Amino acid sequence: MSDERLKELLQRADETAGAPVFRQPHASEIRRQMSRRRLKIAALPAAAVLLIGAGLATICLRSTHKPPQPQQRIATVEAQLLQLQAQTDAVLKLVHEVLEKDRQEEQLTALEAELASIPDAAEEIERQVDKTAFVMLYRADRLYKQLRQTDSAVEAYKEIIQLFPENQWADVARERLSQIQEHRINNSKTKGVKKCEPRNV
Amino acid sequence: MASNMAAMAKKSEELALVERFRRGDDSAFDGIVEKHSAAIAALANRLLGWPQDVEDIVQDVFVAAFTGLKTFRGDCHLRTWLFTITINRCRSYRYRRILRLRRTPLDDAVPAPARGRNAEEAAMATETFDRIRRAVRALPAKYREVVVLRYLQQLETNEICEILGISPNTMQVRLNRARKHLREDLAQLIEGKS
């Protein structure tokens, strides 16, 4: 039998067997199930300790006292039962308290993690301002260097300085403005010299 | 190259989900369950001999994943890790079942009706596929696992080795032996077909 034939047969046999039946478990459900398990794990040793204690107490009482009258015995057993009941209640209460504390700690950890994942608002605003100033500077540079629209570029640089005077990109805009100014002065000087030169040499 | 990039993207997406779960986001775990539960149920169903009701196993696998995800290192894909848990759960489930002397009924699978064939052909097909499933069920566990992962889950050799914790040579040997068993069991059927 070839490998392919075997594979085909197995796959067809699998297809005809029908789909599996199951229900998707949810995280909250599993969490509940696990806390129940933990409670069981905590309660079992506590109950065992109580039983052993009760057994030992009974043995001690039997060895130290003379056999009491039936009524006295009933009263003693009742008292012991009450004591046992009180002890069990106390242990169960303790178990519940421990579980509740566990749950609260888990919630606290989750909240702390959530808080840690949220970025600082002030930092975020500063970052956004910086980004906006940079984008504006980039556009102004494009107007000046690529499109040769010096007047519009000057307006844009001034706007950056006006909107974000403390920002690092405002300093760059100031530099650009002074460069443009120098360039203009130089141009006007050159033109002035040319005016004075004789036209026919 | 592209497949490598896709695999890396998938892995980082899985790790992000795991990280979200570690930070206490239950919806991340629900996302993992939604993504992988169908594949896990299918694998458990096949490994246990198609009993169809695999709710307990799926539940067990995700409870184990819930506790284990905190220590998941991300050395392998999440699916590989979940499949390993599924295989272990199925092994212990079968072991418990053997201890309780409970045998899986062999005729519990409800066959889907074959379309476009007459009733006789459909009945023959049903019998044939029942026999194939019985042959797979009769395989020793270590051979059945390899057959299911290779032919039915259609996994790559390296992933099968990772899941079962065996070398490629061992896997090949198990696969050959499983094929031999199946050939012996189904020889008559194949001869009859041909």
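**The chain B side of the contact**

Tutor: In this predicted model, the contact draws 38 residues from chain B and 27 residues from chain A. On the side of chain B that touches chain A, at least two residues each come from α2, α3, α5 (119-138), α6 (141-152) and α8 (168-193) of chain B. The largest share of that side, eleven residues, is supplied by α2(B). Sorted by class, the residues of the side of chain B that touches chain A comprise 22 nonpolar, six polar and ten charged.

Two of these helices, α2(B) and α3(B), also pack against each other. Helix α2 of chain B covers residues 26-47 and helix α3 of chain B covers residues 55-68; their axes lie 10 Å apart, at an angle of about 135 degrees. Angles over 145 degrees count as roughly antiparallel and those from 65 to 115 as roughly perpendicular, and α2(B) and α3(B) are therefore oblique to each other. The crossing in which α2(B) passes α3(B) is right-handed. From α2(B), the residues that make this contact are F29(B), V33(B), S37(B), I40(B), A41(B) and A44(B), while α3(B) contributes I57(B), V58(B), V61(B), F62(B) and F66(B).

Elsewhere in chain B, helix α1 (residues 2-22) includes M8(B). M8(B) has 10 other C-beta atoms within 10 Å and is therefore exposed. Between M8(B) and H77(B) there is a separation of 69 residues in sequence, and their C-alpha atoms are 9.9 Å apart in space.

Terms used
Residues are numbered from 1 along each chain as its sequence is written. Chains are lettered from A and ligands numbered from 1 in the order in which they are written. This is a predicted model: local features need pLDDT of at least 70, side-chain atom pairs count only at pLDDT 80 or more; totals for chains, interfaces and linings use all residues. Axes are lines fitted to C-alpha atoms, for helices over the stretch in contact, and angles run from 0 to 180 degrees between N-to-C directions. Helices (H or I, at least four residues) and strands (E, at least two) are DSSP runs, numbered from the N terminus. Angles under 35 degrees count as roughly parallel, over 145 as roughly antiparallel, 65 to 115 as roughly perpendicular and the rest as oblique. A crossing is left-handed if the near helix is turned anticlockwise from the far one by less than a right angle, and right-handed if clockwise. Two residues are in contact if their C-beta atoms, placed from the backbone, lie within 7 Å. Ala, Val, Leu, Ile, Met, Phe, Trp, Tyr, Cys and Pro count as nonpolar, Asp, Glu, Lys and Arg as charged, and the others, Gly among them, as polar. A residue is buried if 20 or more other C-beta atoms lie within 10 Å of its own, exposed if 12 or fewer, and partly exposed in between; C-beta atoms are placed from the backbone.
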